[in-house]
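Thank you for sending the model; my comments follow as numbered points, to be read alongside the coordinates. They begin with a question about helix packing and then move to other features.

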Amino acid sequence: MSAHSVVSVRPKDEEAAGSDSLNYKSKEAPIRHLTDAEYEKRVLRKIDWRLVPILAALYAFSLIDRTNLGLIRVAGMDKALHLSVGNRYSVVTSVFFVPYIILEIPANVFLRKASPKLFLSAIVFLWGCISIAAGFVKTWNQLAALRALLGVLEAGFFPSCAYLITLWYIRREVQFRLALFTLISYIAGGFSPILAYGFTMMEGRAGIHGWQWIWIMEGLITAVLGLAAYFVIVDFPDRNTFLTPEETGFVKNRIDEDRGDAQFDTLTVQKALAYTCDLKLWAFGLCFMCCTFPAYSISFFLPTIIGGMGYSVRDSQLLCSPPFVFGAVYALVVAYFSDKTVKRGPYLAFNALLGVIGFPMLAYCKGNAPRYIGTFLALAGSSANMPGVLAWQANNVIGQSKRAYSSALSIMWGGIGGIMAALVFRQKDAPKYVPGLIATLVSQIFMIVIIAILSVYFYMRNKAVKNGTKGVIEGKEGFLYTL
């Protein structure tokens, strides 16, 4: 049979009974056989181009608008709003995460009721408007209030994107796509310091300071991108309009072959309570917190740390870019091999070890060069582990409602990591922030311990299922945990 042939999966008795008796796989159109590799690649390529780039572009400006405080601070905002007084800067950074954490799970539930393109594009447009408004604040209190509103809007973005991506792919394809999503945005975000420096060159135009122009121009780009995104973002697999009926059926079929949850199931209170009692979901959340804690720490405070090495404002901004770009490339390579080998835990543990090496270098090395190299190692580890943890949790749950709950719970813990970064890196410890860097080191060791416990548990459960000594995993016959 040629690679181009169409193979119907309809049983003969269904063909005889007519189209009314067809199940969901064959009701829409004849389905290509799962071994038709050329067809599979073509469909996946079509999904990749429609799904990942636009979400990555939006997430890039989500990161820029969320984490550009450190750059704008050294560009003049610190002096203008007196952010160095007491813990004002820590308050401004941490207030974002309070609504961000609280609204994660409700946002994922609402996403299914709404259209993803309407929901995601609307919140992106609105947070772009908030960023523009931040360019006109007069006091640090006003900035803190806008940051809280930004947290309300962004609470619905990242978990919704992660959930949407995991619904389209089978388990061995998820991490690379999540990595593309996060790391394309990281590379773009890595140029944020250069972008910020360029906007500071507008100092004095229309009577507006350079640090204000950063807020205004980046917010304007975000708002325009949000409007354009409405026409590009795709819907859920069962409601999409960009694939043909045959391609849609093919996607559903391969998802059911992989994990049996192509059909949507509503998240009820009873299900949410049951999912809350699943301890592995909390373990994934703690792992994600250990990823975001160092990532946010570097985003918020690296410009100040580099400035403390004796570099000018311009140089400290520009030197922030290379570690982010390196981290993105490294994470993409790790994601490729992790999907190729269908292994998660060993890669996550190795990446955490990079943080164990990098953060002490940044904290204790004497010369600027080894301290700067430490930022590359630390950021590479956390950058690779964020999509890795999300892929690991997505690989080990069954059901769309549980997937929505699990991804939101993990990212909620990621918000707690952001609060930790804001509070542990205290103003009185500037510009080296040694206590904060040691706290990030401890978080990486803690993550390695959790990974080890989960890996042993998953291995023992898989072994028990194979030996027939215990029942099925996640309620699905033949399902095994991804290690």
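1. Which residues in α4 meet residues in α9, and which are their counterparts? In this predicted model, Leu69, Met77 and Leu81 are the α4 residues in contact, and they meet Trp140, Leu143 and Arg147 of α9. Helix α4 spans residues 69-81 and helix α9 residues 140-154, and the two pack at an angle of about 150° with their axes 12 Å apart. That angle makes α4 roughly antiparallel to α9, since angles over 145 degrees are counted in that class.

2. Leucine 149 belongs to helix α9 and counts as partly exposed, with a relative accessibility of 46%; its C-alpha atom is separated by 35 Å from that of proline 360, which is 211 residues away along the chain. Histidine 82 sits in the loop between α4 and α5 (88-94), where its phi is near 55°, a positive value in a residue other than glycine. Histidine 82 is partly exposed, at a relative accessible area of 48%.

3. Helix α10 (residues 158-168) deserves a separate comment, because 11 of its 11 residues are buried and the helix is therefore largely enclosed by the rest of the structure.

4. The whole structure contains 14 salt bridges. One of them pairs the side chains of arginine 171 and aspartate 258, with an N to O distance of 3.6 Å. Because arginine 171 lies in helix α11 and aspartate 258 in helix α14 (residues 245-258), this pair ties together parts that are 87 residues apart in sequence. Both partners fall under the 20% limit for burial, arginine 171 at 15% relative accessibility and aspartate 258 at 18%.

5. A second salt bridge joins glutamate 474 to lysine 280, whose closest N and O atoms are 2.6 Å apart. The link again spans distant parts of the chain, with glutamate 474 in the segment after α22 (434-467) and lysine 280 in helix α16 (residues 279-307), 194 residues apart. Lysine 280 is buried, with a relative accessible area of 5%.

6. Aspartate 429 and arginine 426 form another salt bridge, with the closest N and O atoms 2.8 Å apart. In this pair aspartate 429 counts as buried at 16% relative accessibility, whereas arginine 426 is partly exposed at 32%. Elsewhere, salt bridges that share partners join Asp278, Lys280, Lys402 and Glu474 into one network.

7. Isoleucine 306, in helix α16, is buried at 0% relative accessibility and, leaving aside neighbours within four places in sequence, is in contact with Tyr311, Ser316, Leu319, Cys320 and Tyr372. Asparagine 351, found in helix α19 (residues 345-364), is also buried, with a relative accessible area of 1%. Residues up to four places away in sequence not being counted, asparagine 351 touches Tyr330, Val334, Gly381, Ala384 and Asn385.

8. Phenylalanine 191, by contrast, is found in the loop between α11 (171-190) and α12 (192-200), and is partly exposed with a relative accessible area of 42%.

9. Two points of backbone geometry in loops complete these comments. The peptide bond from alanine 430 to proline 431 is cis, with omega near 5°, and proline 431 lies in the loop between α21 (400-424) and α22. Alanine 206, in the loop between α12 and α13 (210-229), has a positive phi of about 55° although it is not a glycine. Alanine 206 is exposed, with a relative accessible area of 72%.

Key: Residues are numbered from 1 along each chain as its sequence is written. This is a predicted model: local features need pLDDT of at least 70, side-chain atom pairs count only at pLDDT 80 or more; totals for chains, interfaces and linings use all residues. Side-chain values use heavy atoms; hydrogens and water are left out. Helices (H or I, at least four residues) and strands (E, at least two) are DSSP runs, numbered from the N terminus. Buried means under 20% relative accessible area, exposed over 50%, partly exposed in between (1.4 Å probe, protein chains only). Axes are lines fitted to C-alpha atoms, for helices over the stretch in contact, and angles run from 0 to 180 degrees between N-to-C directions. Angles under 35 degrees count as roughly parallel, over 145 as roughly antiparallel, 65 to 115 as roughly perpendicular and the rest as oblique. Contact means heavy atoms within 4.5 Å. A salt bridge is a side-chain nitrogen of Lys or Arg within 4 Å of a carboxyl oxygen of Asp or Glu.
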